[in-house]
Amino acid sequence: MSSMSLWKRISSHADCEQRMAAYYNKKGLYDLRLCLAPWIEDRIMSEQITPNSTNQLERVAIKFIEDLQQKLLSTRASDQVLKYRLVELCALIQRTPALELYTHLRSGLQKELQLAAEKSVAVAAAGQSMPLNTYNMNNAVSAAAAVVGMNGGYVDTSDLLGVAGSSPVAAGMSTGIMHNMGENATAGPMATPKVELYEVHHQIMHSLNEFSRCTDSLKVLVQSYRYMINAPNSPEAETLFKRLIEEKSSLVARLRRSFLYYDSLQDMVIAELKNWRRQQALAGNGAHFSENMLDDIQRCFELLESFVIHLLSAVKETIFVRLMNDDPDLNCLLEQVQVAQKNLVCSAFIVDKQPPQVMKTNTRFAASVRWLLGSQLGIQMNPPTVECIIMSELQAQRFVTRGTHMDVTHSSLAGQSSGEIQNCSSTMEYQENNHVFSASFRNMQLKKIKRAEKKGTESVMDEKFALFFYATTTVNDYQIRVWTLSLPVVVIVHGNQEPQSWATITWDNAFADIVRDPFVVTDRVTWRQLSVALNTKFGSCTQRALTSENLEFLFEKLHRDNIVGERNNEHISWNQFCKEPLPDRTFTFWEWFFAIMKLTKDHLLSMWKAGRITGFINKAKAHDDLLRAVTGIGTFLLRFSDSELGGVTIAYVNECGSVTMLSPWTARDFQILNLADRIRDLEMLRCLHPTDINVQPLDRDLAFGDFYTQRTEPTPRVDGYVPSTIRVQVRTTGDTGSISGTPHHPMQSPPQDSMSMGNLQNSTIMHL
């Protein structure tokens, strides 16, 4: 075949491509032409057909369609949508008469050759490696026209030599989804439609119904075979024997095509389940997650199990029809179907409710596993017990590398556990109302953990484990052994290990591949990827997403270099993320980010959600923004501290027109007095600087009034004690020693030169 296919030459001219796209879309074959361009050209152009032999042309068309189906089903698409489209094309081929489809494609090639000649890009100009017999092509078209005319006229003969009109490519064509198919693709990006699971479900249903025709043929074959066996001396025996050989050969070919089709559908459903598991991991970082989608996936699994059971039975019955020597191809097909069924059954065993990914020893936790086709195999009649152990990363790698479900037994798992879990077994239960077959672990507790030796700067917070669930049951006198791993977990013994542990889990959840060796994950990602992960984590925790300005500030804090221009493709390493201290600080970026997230969730949530806290802004920008504020003296904003973990500070324009920064408040301070009440006590704060360019400045009490705590005047106590009230004060500079933010009182603190606030320099006002 030449280095450039005929379709490549056609697609290099937009007008030619439009005309041919319109032609192929009359039969819905445009995507097929894109997907298998070189194969179709080589296959059709090399055909040797006797002119005017309509019977031979029909046989060639049938053989072409059989080969085309096998080619499509054996094509490995690069993504889920492409794979689904291949299955759709197979269904289209099954619905379209062989001769109709073949002649349409063949006529299309003739049109392309004519267009290529018109554009002076004839095949010969590009080299002689693509055989082309123009005589055969022209006569095949003529023969096809004659056959079509006799069989009811489903091809317009005026189209056989003419060229379709100049309607645009988009007219009537499905969205181009073959753009990732290598050299077969047309130039330019094309939109990719989403594959809906219900469409996959419908396709399996349709395929299962179509397969019933195959089983009907099998029944006839078996009946004829039994008749021949019971009447070996019949005068029709030899004729019947020859007919049986042909029928069996045809049936085996249909079974093989059915299996290839089934295998493609199974791959699609298992890929959809893997995507569901990926979404489950992202949900560990707070991403939206639809657990109900698992019910739709289960329905597909159940249909596939019915399909493969029928397919397996049909192959076994066909083997029973022994006409000559054993058919090695049929035995090979039987093995392939059995392997596919095993993969389906084992893939359907999953963790549907994950354990906590940061797991503290001696703390109770829950998890559950689900088998997506338990009712199909009748396992619910004698439900198995699911066991659970905890595995280290190395143990999980060794186990997965073996790639088998055959060795999952108590004896084979001896020594594989890295800890001791209480309440680690549960019997599966089947719920008739929703067909859920699952085992719940409601009261597990990790009592002990065995850790691996640490290398270099590794810590216990970097070490990943996983819960390993396994079960064994018997179906039709053979054992089924299944297992599955949870998402990675980090085991801690102290609360102060939590921040770094969440760094490990957050990174893994965000950037791990769907299929991987446990628990390998990249140590370097782009800022575009990391910004999504940080936004997801912070937004789910605080119920308000980060703004583009917030993310820009975080990038500058992480990258540290002054990057001008496009930043999305700049890389951030694992060490930058959570290992290397920030410049002039004793803590890492993640420790700083996590502390702010925790502070916001625990003490600032309502004000953050209401957009009253600017938060992620550096000191210099806060200074400049306040000086440019049209509201002048008393304008203030709230920003997260750069110097103190989990701190929030107030910057405001003072009476001299310069900017004052208050030292940060932390969670300890807010346990005494909340942020809104502290702002109320500081009379120098008058107007909240807008946290977004689309927001207007707000009067202080209007901005924070909803968050003030209602204060009542203390009533005298009968026991003689005098009640007191805690309020915040800030010392202003000047000679008068007046204190801003508090009423003048004879018991106020002596004048100080330094600024004070919070529990560092609070002044307690006592009402006597």
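**Close-up views of the predicted model**

**View 1. Four strands form an open sheet in the order E6-E4-E9-E10, with antiparallel pairing.** Strand E6 (425-427) and strand E10 (478-485) are the edge strands; each has a single partner strand, so one side of each is left without a neighbour in the sheet. From one strand to the next, the twist averages 25°. The model shown here and in the other views is predicted.

**View 2. Strands E4 (residues 385-392) and E9 (residues 465-475) run antiparallel and are joined by six bridges.** Cys 388 has Phe 469 in E9 as its bridge partner. Phe 469 also belongs to the largest nonpolar core, where Phe 469, Phe 301 and Trp 371 touch the most other members.

**View 3. The largest nonpolar core contains 124 residues.** Helix H11 (residues 237-283) supplies the largest share of this core, with 14 residues. Another core, of 64 residues, lies apart from it and includes Cys 541, Trp 592, Phe 707 and Tyr 708.

**View 4. Contacts of Phe 301 beyond its neighbours within four places in sequence.** Phe 301 is in contact with Val 269, Ile 270 and Leu 273, and also with Leu 344, Ser 347, Ala 348, Leu 372 and Leu 373.

**View 5. The whole protein, for context, has 24 helices and 22 strands.** Of its 768 residues, 50% count as buried. The protein exposes about 36,400 Å², of which carbon and sulfur atoms supply 49%. Of the contacts between residues at least 6 apart in sequence, 71% join residues at least 24 apart.

Terms used. Residues are numbered from 1 along each chain as its sequence is written. This is a predicted model: local features need pLDDT of at least 70, side-chain atom pairs count only at pLDDT 80 or more; totals for chains, interfaces and linings use all residues. Side-chain values use heavy atoms; hydrogens and water are left out. Helices (H or I, at least four residues) and strands (E, at least two) are DSSP runs, numbered from the N terminus. Buried means under 20% relative accessible area, exposed over 50%, partly exposed in between (1.4 Å probe, protein chains only). Contact means heavy atoms within 4.5 Å. Accessible areas come from the Shrake-Rupley method with a 1.4 Å probe; for residues, only the protein chains shown count as cover. A nonpolar core is a set of buried Ala, Val, Leu, Ile, Met, Phe, Trp, Tyr and Cys residues joined through side-chain atoms within 4.5 Å. Two strands pair if DSSP finds at least two bridges between them. Axes are lines fitted to C-alpha atoms, for helices over the stretch in contact, and angles run from 0 to 180 degrees between N-to-C directions.
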